[in-house]
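I opened this entry to look up the fold, a few single residues and the surroundings of the ligand. My notes follow in the order in which I checked things.

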Amino acid sequence: MIDHEDILNIENDIIGENDEDMIYLPQTIDYLDIERQYKQLMFIHEAAIEQVTAKLNILKGEFQFSNDRNPISSVSSRIKSKESIIGKMQKKGVPFTISALMENVKDIAGVRVICPFIEDVYYVARMLARQPDIEILEVKDYIRQPKDNGYRSLHLIVSDNVTFSNVCRGVTVEIQIRTIAMDFWASTEHQLRYKKDTDFSKEAHDKLKHCAELMAEADREIQNLAGDFDLDQW
Ligand code: 0O2
């Protein structure tokens with residue numbers, strides 16, 4: 001059920017109040033069809049994922065033939081599920097409108113880059129910042145300042161310029177960059193969290209945090225070894 005305010009919100013998203021606010025969608029506009037608007041929003045974010053992934057794979061390919069080692073181990077991506085979007089909007093207490101979605105959920109498009117060494121994480125971030133089509137909007141450095149549970153990763157919220165048939169627009173993408181050890185911890189913790197319906201007990205929380213610290217220690221040792229072995233650093 002769409003109320004009048006929702007329709008106005010959708011209209012503002014599409015028309016914008018002035019030229020700077022203009023958001024063009026690449027297909028025909030149907031004000032009343034929120035489902036269609038949602039699909040279009042997913043489409044433009046999928047397009048941005050493809051573009052950012054392609055840029056990263058080009059960098060990875062370039063290192064493959066021109067260097068002894070590669071700062072990028074793997075690149076993966078996902079479009080945020082409807083359930084996860086709804087969950088986040090509920091948690092933030094924002095209305096279920098397209099404008100509130102665009103304003104509050106910056107990780108509809110998500111790309112993850114896994115690197116061998118901690119220094120590679122920052123190197124990849126710098127390479128992305130140099131790309132002319134990419135503007136860094138926000139940096140969340142959970143490596144220098146890990147989350148309370150021990151989560152470590154570098155998150156970049158970027159705007160990637162995507163060209164459609166008659167317009168070029170910036171689309172927001174969250175890029176998570178982390179080491180293999182950080183990724184091992186995060187994927188395992190994610191699985192455990194989904195397995196349990198309730199929050200972790202204090203004991204489980206402490207054990208997981210301890211594991212995250214072991215991973216961080218391993219990362220530091222491996223980084224030192226890279227120095228001892230004179231591996232290419234950037
Ligand atoms: P999914 O399944 O990836 O969609 P904000 O965007 O600032 O309002 P948010 O979303 O907490 O707040 O931002 P943050 O902290 O940058 O986290 C975004 C994403 O980082 C999460 O997306 C996870 O993918 C990952 N992440 C953050 N904290 C943790 C953590 O403690 N453990 C694991 N395993 N991953 C984490 P979603 O929406 O949770 O999930």
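Entry 1, burial. I count a residue as buried if 20 or more other C-beta atoms lie within 10 Å of its own, with C-beta atoms placed from the backbone. I keep in mind throughout that this is a predicted model. I looked up Ala48 and found 25 C-beta neighbours inside 10 Å, so Ala48 counts as buried. I place Ala48 in helix H2, residues 34-66. Leaving out residues up to four places away in sequence, I list Ala109, Asp160, Val162, Val171 and Val173 as touching Ala48. I took the C-alpha to C-alpha distance from Ala48 to Val162 and got 6.3 Å, for a pair 114 residues apart in sequence.

From Gly61 to Ile72 I get 9.4 Å between C-alpha atoms, with 11 residues of separation in sequence.

I located Ile79 in strand E1, which covers residues 74-79. Ile79 is partly exposed because I find 17 C-beta neighbours for it inside 10 Å. With residues up to four places away in sequence left out, Ile79 touches Met42, His45, Glu46, Ile49, Ile108 and Ala109. I also noted Val111, which is 32 residues from Ile79 in sequence and 8.8 Å from it in space, C-alpha to C-alpha.

I count 7 helices and 5 strands in the protein. Reading from the N terminus, I get the order α-α-β-α-α-β-α-β-β-β-α-α. I find that 25% of the 234 residues count as buried. I then took the contacts between residues at least 6 apart in sequence and found that 66% of them join residues at least 24 apart.

I started from E4, residues 154-163, where the side chains alternate. On one face I have Leu154, Leu156, Val158, Asp160 and Val162, which are buried. I find 7 bridges between E4 and strand E3, residues 134-141, and the two run antiparallel. In this pairing I see Lys140 opposite His155 of E4. For E4 and strand E5, residues 168-179, I find 10 bridges, again with an antiparallel run. Here Asn161 stands opposite Gly170 of E5. I note that E4 and E5 form a hairpin with 4 residues between them.

I checked the span of H7, residues 202-228, from its first C-alpha to its last. The 27 residues reach 39 Å, close to the 39 Å expected at 1.5 Å a residue. Within H7 I find Ala212, Met215 and Asp219 buried. Just after H7, I see that Asp230 takes a positive phi of about 60°.

Entry 7, the ligand. How many residues surround the ligand? I count 14, and the closest are Ser84, Tyr151, Ala186, Glu189 and His190. I sorted this shell into 2 nonpolar, 5 polar and 7 charged residues. Helix H3 (82-92) and helix H6 (180-195) each supply at least two residues of the shell. I get the largest share, 3 residues, from H6. I then looked at H3 itself: 1 of its 11 residues is buried, so H3 lies largely in the open. After H3 comes Gly93, where I read a positive phi near 65°.

I get an average pLDDT of 87 for the protein, with 84% of the residues scoring at least 70. Over residues 1-22 I see a pLDDT below 50, and beyond near neighbours in sequence this stretch has 26 contacts in the model. Where pLDDT is low, the predicted coordinates should not be read in detail.

Note on methods. Residues numbered from 1 in each chain as written. Predicted model: local features only at pLDDT ≥ 70, side-chain atom pairs only at ≥ 80, totals over all residues. Near = placed C-beta within 6 Å. Nonpolar A, V, L, I, M, F, W, Y, C, P; charged D, E, K, R; others polar. Buried ≥ 20, exposed ≤ 12 C-beta atoms within 10 Å, placed from the backbone. Contact = placed C-beta atoms within 7 Å. Expected span 1.5 Å × (residues − 1). Pairing = 2+ DSSP bridges. pLDDT = per-residue confidence, 0-100.
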